[in-house]
Structures are given as structure tokens and as C-alpha cells.
Amino acid sequence: MLPRLLIAMLAFSSAALADDSETEFGGHTKMSLTGQAYPEQSLFRELVGRDSLDITGDLRLNLKSNKGRWSFDSAYQLQALHGDSVELGRLLPGGTEIFFPGLPKDDRRLFDMTHVIRDSGKTVYLHRLDRLTLGYTSEKAVIRIGRQALSWGNGLFYAPMDLVNPFDPATVDTEYKAGDDMLYTQYLRDSGDDVQGAYVVRRNPGNGDVESDEATAAVKYHGFLGESEYDLLLAKHYGDAVFGLGGARSIGGAIWRADLVATHTDIDTYLQIVTNVTYSWNWIDRNMSGAIEYFYSGFGQRSGHYDAESLANNPDLVNRVIRGELFSIGRHYLAGSVLIEMTPLWSITPTVLASLSDPSGLFQLVTNYSVSENITFLGSLNLPVGPKGSEFGGIASGTPDRYLSGGSGLFAQVAWYF
């Protein structure tokens with residue numbers, strides 16, 4: 001499948017160039033280093049030792065072409081991962097992908113556009129298409145079909161209205177979301193309001209068949225009410241009915257946002273609420289931008305117990321964690337960050353993600369530096385805090401006195417854009 005799609009992509013780009021279309025070609029290469037320590041009672045420490053080290057390489061080639069109302073967007077990726085987490089991911093039981101997600105795969109997507117070149121020892125490398133979209137734009141409507149990304153909702157750290165491939169709140173590099181195979185439409189009304197629709201086709205990873213209960217069909221209305229904005233969402237997501245209501249408003253120089261999402265499953269009806277405030281200011285001649293957010297997840301454990309037996313009694317939570325659409329297993333969270341512009345080329349961002357139920361949390365210190373016009377450095381220090389058995393301190397593994405816990409971690413990445 002992948003070679004044929006690459007040939008089609010190259011054929012389209014050649015035709016576009018011959019027709020004098022507006023064509024853009026670019027991309028990046030990224031080299032990342034991730035170091036992770038494991039405390040004494042961590043199950044991971046027994047498997048790989050006191051710490052792990054991973055090296056990741058990513059080559060991304062983006063090709064965009066526009067001719068009249070038609071557009072074409074594609075992105076080819078060559079990715080490699082070498083390190084301890086590759087072997088550790090194989091040793092862990094199923095359902096622990098949240099700790100070591102590894103490289104992307106297309107077992108749920110309609111088209112298998114990912115090909116593993118090598119998966120042996122501590123090394124995995126593959127190539128794939130992360131975007132492959134044909135679009136048509138008129139004065140009021142947009143239609144796109146193919147592999148693309150979708151981001152909805154007003155959450156900054158936690159995004160319950162973002163049903164398709166949301167980011168983990170602890171993700172440092174958020175430049176690109178992984179694409180999914182979908183039909184996307186948008187209609188702009190004369191009032192400035194717009195209606196967006198998306199249909200994501202998926203396969204059952206168990207048998208490989210396309211099934212309606214694996215799909216997402218969603219419609220979102222975005223409107224204006226005076227100085228406020230609002231969103232209304234109706235969706236059928238993996239067979240569950242979803243209703244969402246969101247809004248945003250400027251208050252005294254700050255921006256307030258909120259989303260309420262209700263999901264009805266065969267087991268129960270769950271509420272998720274996220275609300276945040278952002279504000280920018282200047283202090284000691286430095287530009288700063290702060291955000292604070294509260295998140296309530298009705299899917300989270302009521303009991304506060306996170307052991308395997310307790311989680312097994314909450315399949316709606318476990319399914320969302322495995323699918324990569326929910327990254328929290330508790331109920332109440334508070335998150336905050338401050339972006340500090342040290343110089344026009346250098347910023348640092350301290351961030352806190354806290355579970356209020358445990359309590360436990362994760363502290364991150366992220367730095368971003370523009371080395372040159374085409375080269376950037378991105379780094380972070382990650383420090384989890386909390387008692388054993390808590391969400392960030394390490395949940396029980398099922399082995400006596402052993403926990404799925406990690407200690408301090410470092411991430412460093414150099415990116416070159418062309």
C-alpha cells in the first residue's frame with residue numbers, strides 16, 4: 001500500500017509543477033534524546049535497570065500544492081527509535097502502551113500507510129504517510145478527504161472535546177498531531193458562524209475489519225454571541241453518543257474558556273469539564289503568558305484506586321486510555337504554566353500537572369531556543385511527585401511492592417527546518 005501511495009503522491013506533484021500550481025515543499029529533521037530514571041520500587045527498574053536512554057530520529061517531508069479551488073497536502077515520515085524503551089515495551093503486558101507508546105502504527109486506521117522496516121533488539125525504524133489529503137474550497141465551503149488532523153475544543157492541557165488524537169498533556173513537542181483517515185467539511189455562514197463536520201473511518205484492530213462502532217461521526221457548530229464565542233458538538237464516537245458545549249470570552253484582559261462534554265455509553269453517562277484562564281503581561285522587561293486550568297473527568301476512578309483489579313472494573317476508562325484519547329485515570333486535575341520570554345529567541349516554561357485526588361503531580365521545565373533561522377533546540381526536565389500507589393507517584397503493578405513508576409527524566413531535541 002505505501003509504495004503505491006508514494007508513487008501517486010509523486011505523480012500528483014509532478015503534474016502540479018507542470019501546471020504552474022502554487023507548490024510548497026519543506027520539512028524537518030529532528031534528533032531527540034530521552035533519559036529516564038526509575039526509583040527503587042519501580043517494576044521498570046527490574047526490567048532495564050536504574051535508568052533508560054532512547055535516541056529518536058524523525059525526517060518529515062511536507063508537500064503542498066494549490067491550483068484554483070483544489071489543494072493537495074502530503075507528509076512523508078521516516079522515523080527511528082533506538083533504546084531501552086523498545087525492549088521494555090515488548091516485556092510489558094498488553095494495555096501498558098500509555099507508558100511506552102513507541103512509534104505510530106495504523107492498526108485502527110482505514111489505510112495502512114505505515115511500513116516497519118526493522119523491529120529487532122533495541123531498534124525500530126519505519127516510514128509512513130502522516131498526511132495525504134485532497135481538498136476543495138469555495139467561497140463558503142471546505143471539503144477535505146484523506147489522512148489529516150483535527151483539533152476541536154477549548155482545553156489547553158486536557159481536551160475532552162478533541163475526540164481524534166488529542167495530545168498527552170505531558171507532551172513536549174506538539175508541532176504535529178498524528179493524522180487520521182477522514183472526510184472533513186466546513187460551511188461558513190454569512191453571520192461569521194461556521195459548521196464543521198468530520199467522519200473518521202477506523203478498523204477493528206482485533207480482526208482488521210472496518211466497523212461502524214469504531215468510527216467517529218461528529219458535527220460542531222461554532223458561533224458568536226456578542227463578545228463571546230460558543231461551540232455545540234454532537235457526535236457518535238466508537239458507538240457512544242457525545243454532546244458538547246463550549247465557550248470563550250475576554251474578561252478584563254484575560255481569556256476564559258470552558259468545555260462541557262457528556263458521553264453516553266452502554267454502561268453509564270459520563271461528564272467531563274475543562275475550564276481555563278489565560279493572561280499575558282510584562283514583568284522586568286520580559287513578556288510572559290500564563291495559563292491555569294481545571295479538569296474534571298467522570299471516567300476517572302471514583303475510588304482513587306489504580307491497581308489492575310480496580311481498573312478492570314472501569315472498562316470505559318481503560319478503553320479510552322488504550323485508544324490514546326484519555327491520559328488521566330483520576331477525576332480532578334489542576335494544571336498551570338507560565339511562558340517566560342527570556343530573549344526574543346529563548347523562552348522557558350515551567351508547567352505543573354496535578355492530580356487533586358491523590359495528591360500527586362508532574363513538574364516540567366521546558367526550554368525552547370532558536371539557534372539560527374532554521375535550527376531550534378527544545379528541552380525539558382520532568383519530575384513526578386507523589387506517594388506510591390498514586391497516579392504520578394506510580395500505580396500498583398500487580399507484583400507485590402512494585403509500581404509502574406518513573407523518576408526524573410530529561411528530554412533534548414535539535415530540529416533543522418528546510
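Strands, as the term is used here, are DSSP runs of E covering at least two residues, numbered from the N terminus. The model described in this report is predicted.

**Enclosed cavities**

The count of cavities of 30 Å³ or more comes to 2. By class, the lining of the largest cavity comprises 13 nonpolar, 3 polar and 3 charged residues.

The second largest cavity holds about 60 Å³ of space. Residues L150, W152, M161, D162, L163, V164, A198, V200, T216 and A218 line this second cavity. Two strands, β8 (194-200) and β9 (216-225), each contribute at least two residues to that lining. In terms of class, the lining of the second largest cavity has 8 nonpolar residues, together with 1 polar and 1 charged.

**The second largest pocket**

Among the open sites, the second largest pocket contains about 890 Å³ of space. It is lined by 35 residues, of which L156, F157, T171, V172 and T174 are the closest to the pocket centre. Five strands each supply at least two residues of this lining: β15 (332-343), β16 (346-355), β17 (360-370), β18 (375-385) and β21 (409-417). Of the contributing elements, β17 gives the most, with 4 residues. The lining of the second largest pocket divides into 14 nonpolar, 16 polar and 5 charged residues.

| Site | Volume | Lining by class |
|---|---|---|
| Second largest cavity | about 60 Å³ | 8 nonpolar, 1 polar, 1 charged residues |
| Second largest pocket | about 890 Å³ | 14 nonpolar, 16 polar, 5 charged residues |

**Residue S405**

S405 is located in the loop between β20 (403-404) and β21. Strand β21 is also one of those that supply at least two residues to the lining of the second largest pocket. S405 has a relative accessible area of 4% and is therefore classed as buried, the cut-off for that class being under 20%.

With its neighbours within four places in sequence left aside, S405 is in contact with Y38, P39, S42, F44, G393 and G394. S405 and L43 lie 362 residues apart in sequence, yet their C-alpha atoms are 7.3 Å apart in space.

Note on methods. Residues are numbered from 1 along each chain as its sequence is written. This is a predicted model: local features need pLDDT of at least 70, side-chain atom pairs count only at pLDDT 80 or more; totals for chains, interfaces and linings use all residues. Side-chain values use heavy atoms; hydrogens and water are left out. On a 1 Å grid over the protein atoms alone, a cavity is a set of points where a 1.4 Å probe fits but cannot get out, and a pocket is an open set with protein on both sides within 12 Å along at least five of seven lines; lining residues have an atom within 4 Å of a point. Grid points are joined across faces, edges and corners, and a volume is the space filled by probe spheres set on the points. Ala, Val, Leu, Ile, Met, Phe, Trp, Tyr, Cys and Pro count as nonpolar, Asp, Glu, Lys and Arg as charged, and the others, Gly among them, as polar. Buried means under 20% relative accessible area, exposed over 50%, partly exposed in between (1.4 Å probe, protein chains only). Contact means heavy atoms within 4.5 Å.
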